[in-house]
Amino acid sequence: MGRFVKRLVIIAIILFVAVRYFDFDFRGSICAVKTVVLDTIDKVIPGSRAQFEDIDSQISSKVAKSEAGKNLSIKAKEATENAGKIFNKFLQRADRFAGKFGIKLRLPRFRRKSYSGNYIFDYANLDISGASELRQKFIDYGMTLRGTPYVLGSETPSSGLDCSGFVRYTARNGIQVQLPRTAREQYEAVMRIPGEEREPGDLLFFRRFGKIDHVGIYLGKYEGEGSLKGREIFLNSASEGPRTGVVVSALDEPYWRRHYSSCGRFLPSHKEVAQSLAQ
């Protein structure tokens with residue numbers, strides 16, 4: 001093993017010197033080797049070179065299009081949901097047909113995966129009041145944590161909560177849903193939605209220096225009296241400003257308005273449940 005490592009180090013040094021001081025075309029050499037390999041394979045399996053080059057061009061094309069992977073993922077989710085709708089309609093018709101003969105079928109229902117695949121809700125057994133209750137439980141549990149101090153890297157109320165730790169702790173203990181640890185990971189895990197579609201219980205993400213670094217729980221428009229009346233508010237563990245720790249903040253405050261990035265959803269919305277029930 002030691003001899004193998006020494007050889008790698010020597011080869012690395014030789015390559016560095018060749019590239020740095022003798023203008024060695026490293027990329028060109030790789031391309032040349034690739035050409036020789038493909039020519040050799042083509043002689044053994046005629047026509048294989050064209051197949052390799054076609055695959056290579058397709059891969060390069062997908063890499064060049066940064067949205068390719070995202071679009072593919074969206075199409076896959078759409079196809080899965082469409083298949084589920086067809087499956088559910090078939091089961092509902094079978095159930096109605098059996099009911100004419102007094103037979104009660106215990107049929108399964110397509111379990112629709114929510115967005116990232118981490119959050120699964122059985123829409124067949126969830127009505128609008130159930131969706132509202134789930135979101136309210138999430139919010140209510142978060143509100144019990146108001147006043148908890150902000151502590152970077154901490155995710156328990158006894159030692160303090162940072163922003164993502166607060167959201168994660170609330171979801172896990174309030175509604176038994178496991179969210180990722182960091183704000184960035186939570187941002188990646190949920191489905192981004194337009195601001196006009198957000199509902200209380202959705203997540204708000206904020207960005208600084210080009211990176212997602214803060215997350216909070218959207219509470220909707222405040223209908224009470226005082227300075228917050230009519231303003232959109234959210235619950236978060238703030239690290240800076242006049243009030244830190246788990247507090248209620250207004251989305252239109254200059255700092256939050258300036259750094260707001262997007263809204264994300266991991267709980268079923270009223271609209272989704274209504275559409276499911278209408279099928």
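1. The side chains of D213 and R208 form a salt bridge (a side-chain nitrogen of Lys or Arg within 4 Å of a carboxyl oxygen of Asp or Glu) with an N to O distance of 2.7 Å. D213 is partly exposed at 29% relative accessible area, and R208 is partly exposed at 28%. Here buried means under 20% relative accessible area, exposed over 50%, and partly exposed in between (1.4 Å probe, protein chains only).

2. This is a predicted model, in which local features need pLDDT of at least 70, side-chain atom pairs count only at pLDDT 80 or more, and totals for chains, interfaces and linings use all residues. Residues are numbered from 1 along each chain as its sequence is written, and side-chain values use heavy atoms, with hydrogens and water left out.

3. The structure holds 12 salt bridges. E232 pairs with R198, the closest N and O atoms being 3.0 Å apart. E232 belongs to strand 8 and R198 to the loop between strand 5 (191–193) and strand 6, so the bridge ties together parts 34 residues apart in sequence. Strands (E, at least two residues) and helices (H or I, at least four) are DSSP runs, numbered from the N terminus. R198 is buried at 16%, whereas E232 is partly exposed at 24%.

4. C163 is found in helix 6 and is buried, at 7% relative accessible area.
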